[in-house]
Amino acid sequence: HFFVFPESQKMAPKVLMLVGDFVEDYEAMVPFQALQALGITVHAVCPKRKAGEKVKTAVHDFEGDQTYVERLGHGFTLNATFSEVAANAHSTYDGLVIPGGRAPEYLRLDPQVVAVVKAFYGASKPIASICHGVQLLAAAGVLKGNKVSAYPACQPEVELCGGEYVSIAMDKALVHNKLVMAPAWPAHPEWIAELVKLLGGKVTFGQ
């Protein structure tokens with residue numbers, strides 16, 4: 001299937017992506033590139049970093065251990081500056097993307113980052129969170145009363161924040177109240193597709 005933004009939508013959507021050091025490699029790079037391929041503007045930002053600078057990424061994989069392994073991934077180049085867009089991000093952008101990995105656990109300590117998440121949720125803008133990205137949603141206090149998908153190890157945080165954790169397959173996504181959520185990067189196709197729908201993309205079928 002293909003996504004087309006209708007002519008009535010004069011401008012293609014813009015989304016903001018929150019990343020930090022050791023964000024999950026796939027969960028940053030894949031949506032960053034895939035959304036742009038559909039004509040969507042994506043600005044990737046990190047607190048205390050500027051456009052053109054890089055964050056380190058982490059590769060998480062499953063090799064038969066009791067949890068995932070973690071290795072150094074690619075350098076991911078930021079294309080916008082957090083301090084320049086944070087204050088009015090919820091009015092400037094049409095959606096928010098929160099990849100997982102190690103970054104959310106320290107980004108949630110930054111009051112400005114938490115304020116950005118709260119503002120998007122308060123404005124009823126789509127928020128796409130995957131894997132440990134839910135840690136930012138929890139810190140922003142936006143999980144209460146919502147059905148939530150995340151990496152299974154985050155279930156206690158979801159429930160302590162008043163969310164209803166929903167166990168779904170690793171390659172599936174869950175949509176509830178403008179939140180697009182998934183447990184891990186195998187869900188990218190469905191997770192990205194559901195975000196694009198919420199951004200106003202129309203699904204058409206071709207040969």
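**Reading a predicted chain: how we know what we say**

Tutor: Of the 207 residues of this chain, 46% count as buried. Keep in mind that the model is predicted.

Student: Thanks! What makes a residue such as Asp110 count as buried?

Tutor: Buried means under 20% relative accessible area. Asp110 has 14% relative accessibility, so Asp110 counts as buried.

Student: And why is Lys48 called exposed?

Tutor: The word exposed is kept for values over 50%. Lys48 has a relative accessible area of 80%, so Lys48 is exposed.

Student: How do you know that Asp110 and Lys48 form a salt bridge?

Tutor: Good one! A salt bridge needs a side-chain nitrogen of Lys or Arg within 4 Å of a carboxyl oxygen of Asp or Glu. Here the closest N and O atoms are 3.9 Å apart, and Asp110 and Lys48 form a salt bridge. Asp110 lies in the loop between helix H4 (103-107) and helix H5 (111-122), and Lys48 in the loop between strand E4 (41-45) and strand E5 (54-61), so the pair ties together parts that are 62 residues apart in sequence.

Student: How many salt bridges does the rule give?

Tutor: The count comes to eight salt bridges. One of them joins the side chains of Glu70 and Arg102, at 3.1 Å from N to O.

Student: Where do Lys197 and Glu194 lie?

Tutor: Both lie in helix H8 (residues 188-198), three residues apart, which is about one turn of the helix. With 41% relative accessibility, Lys197 counts as partly exposed, and so does Glu194 with 22%.

Student: Which residues does Glu190 touch?

Tutor: Glu190, which lies in helix H8, touches Asp171, Lys172 and Ala173, not counting residues up to four places away in sequence. Touching here means heavy atoms within 4.5 Å. The C-alpha atoms of Glu190 and Lys172 are separated by 6.2 Å, although the two residues are 18 apart along the chain. Glu190 has a relative accessible area of 26%, so Glu190 is partly exposed.

Student: Now the whole chain: how do you know that its radius of gyration agrees with that of a compact globule?

Tutor: Set the two values side by side. For 207 residues, a compact globule would have a radius of gyration near 17 Å; the chain has 16 Å, so the value agrees. The C-alpha trace spans about 50 × 40 × 35 Å along its principal axes. In secondary structure, the chain has eight helices and 13 strands.

Student: What share of the contacts joins residues at least 24 apart?

Tutor: The share is 69%, taken among contacts between residues at least 6 apart in sequence.

Student: And what about the surface and the charges?

Tutor: The accessible surface comes to about 9900 Å², and 53% of it belongs to carbon and sulfur atoms. The chain has 18 positive and 20 negative side chains, with the centres of the two sets 8 Å apart.

Definitions and conventions
Residues numbered from 1 in each chain as written. Predicted model: local features only at pLDDT ≥ 70, side-chain atom pairs only at ≥ 80, totals over all residues. Heavy atoms only, no water. Helix = DSSP H or I, 4+ residues; strand = E, 2+ residues; numbered from the N terminus. Rg over C-alpha atoms; globule rule 2.2 N^0.38 Å. Buried < 20%, exposed > 50% of the residue type's maximum accessible area, 1.4 Å probe, protein only. Areas by Shrake-Rupley, 256 points an atom, 1.4 Å probe, with all protein chains shown as cover. Lys, Arg positive; Asp, Glu negative; His and termini not counted. Charge placed at Lys NZ, Arg CZ, Asp CG, Glu CD.
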